[in-house]
Amino acid sequence: MSNTEVPADFRFHPSPLARYPGGGAVSGTPATRSMGDNEQQDFYHYLPVNDAAISWGAYLTGVGRACTGPDQEYPPKGHPGLYDHSWSRGRVLPEFQILLISEGRGIFESKETGTVSVGPGYAFILFPGVWHRYRPDADAGWCERWISFNGVMTHRLQELEVIDPSRAVHLARDFDQLIEGFDRLLSRVRSSPNQNSVMLSMQVLSLIGNIIESMVDPGQFPGGDRTVRENTIGDPLVADTLNLIWTHSDRAFTVKSFADRLCVSKRVLQRRFHAAVGHSVLQEMIACRLSRAKRLLKETDLGIKEVAYIAGFPSEERMRVTFNRTEKVSPSQYRAAAMAEKHGGTSK
């Protein structure tokens, strides 16, 4: 298969055999749901994926929405073999899925979670390589919405322990907003079923973030409240100062000018800032400029002098001195090492 050929399981699939309450099936136009749920229609679709989509870092592979009534067969037939599953054998996916239950009840099971009862408002995450199975209760059925997705950005969430197979199931907050997010995504896919785009991936990432945030309070799991700062900033003066630094430190501001703008003395600003952050305002300004310079050196081919100007250093020489003091290399050497690392080589 060529690099741009679409794998068979990711090809376009027409509307599935959507089951009516009476147990019959129709192909083509999906059936209206058997359990209400705002009279939405059953629908699923698997999107084309190629090397370009994979390079985006996060990409959608499938979406769906379905209701299974009491005593109806589950899962409905018609899905590609990669995604089909049965209760007796369970399933292992090569990618992530998130399911949201809006009506009915059932059970979810994996080695990491054990058997968990789920009902309206519950969401569960399926992880690549992790065995699982789930089904609605026969006497209740359920309505579900789901997305399948993958990419290095989503794997990074697991590496950072923001998501983990042991915490795959949870009652979600802001349920109505999640439903709206799912339905917007479904509508977009239905309107352009053969188009997988960067904008679609951005919409997927937004939905994934909202779902993860709604499932567990960030303080309840490792990594969830990870930020670029170790401590929460409770002093509003310090928070305002940080905002000014990271928004305006590319300009010729001084500590005195920040203090004047915030209507406090320089001494008060310095004292409260150091108490909250652990270093001086000037050190924060330098750190901000250094951070931006590093990114520009790594991610662009701008000249050293232009990088210094955009990052906020008063001169190219001042940036060079800062790099030599903090990184023990010059800006040019820093860029060369970053490029060598990116291409798997070593810098001389």
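This is a predicted model: local features need pLDDT of at least 70, side-chain atom pairs count only at pLDDT 80 or more; totals for chains, interfaces and linings use all residues.
**Exercise 1. Which residues of helix H9 are buried, and which helices do they pack against?**

Step 1. Helix H9 spans residues 304-311. Apply the cut-off: buried means under 20% relative accessible area. Ile304, Val307, Ala308 and Ala311 qualify.

Step 2. Look down the axis of H9. The buried residues fall within an arc of 100°, so they line one face of the helix. The general rule: an α-helix has 3.6 residues a turn, so residues three or four places apart point the same way.

Step 3. Turn to the face away from the buried side. Lys305 and Tyr309 are exposed there.

Step 4. List the packing partners. The buried residues of H9 pack against helix H8 (281-299), helix H10 (316-326) and helix H11 (331-342).

Step 5. Check what comes after the helix. Glycine 312 follows H9, and its phi is positive, near 105°.

**Exercise 2. What is the strand order of the open sheet of 6 strands, and which helix packs on the sheet?**

Step 1. Read off the order: E3-E4-E10-E5-E8-E11, with antiparallel pairing.

Step 2. Find the edges. Strand E3 (43-46) and strand E11 (169-171) each pair on one side only.

Step 3. Neighbouring strands are turned by 15° against each other on average, direction ignored.

Step 4. Inspect one pair. E3 and strand E4 (residues 59-68) share 4 bridges in the antiparallel sense. Histidine 45 has valine 63 of E4 as its bridge partner.

Conventions. Residues are numbered from 1 along each chain as its sequence is written. Side-chain values use heavy atoms; hydrogens and water are left out. Buried means under 20% relative accessible area, exposed over 50%, partly exposed in between (1.4 Å probe, protein chains only). Helices (H or I, at least four residues) and strands (E, at least two) are DSSP runs, numbered from the N terminus. The arc is that of the directions from the helix axis to the C-beta atoms. Contact means heavy atoms within 4.5 Å. Two strands pair if DSSP finds at least two bridges between them. Axes are lines fitted to C-alpha atoms, for helices over the stretch in contact, and angles run from 0 to 180 degrees between N-to-C directions.
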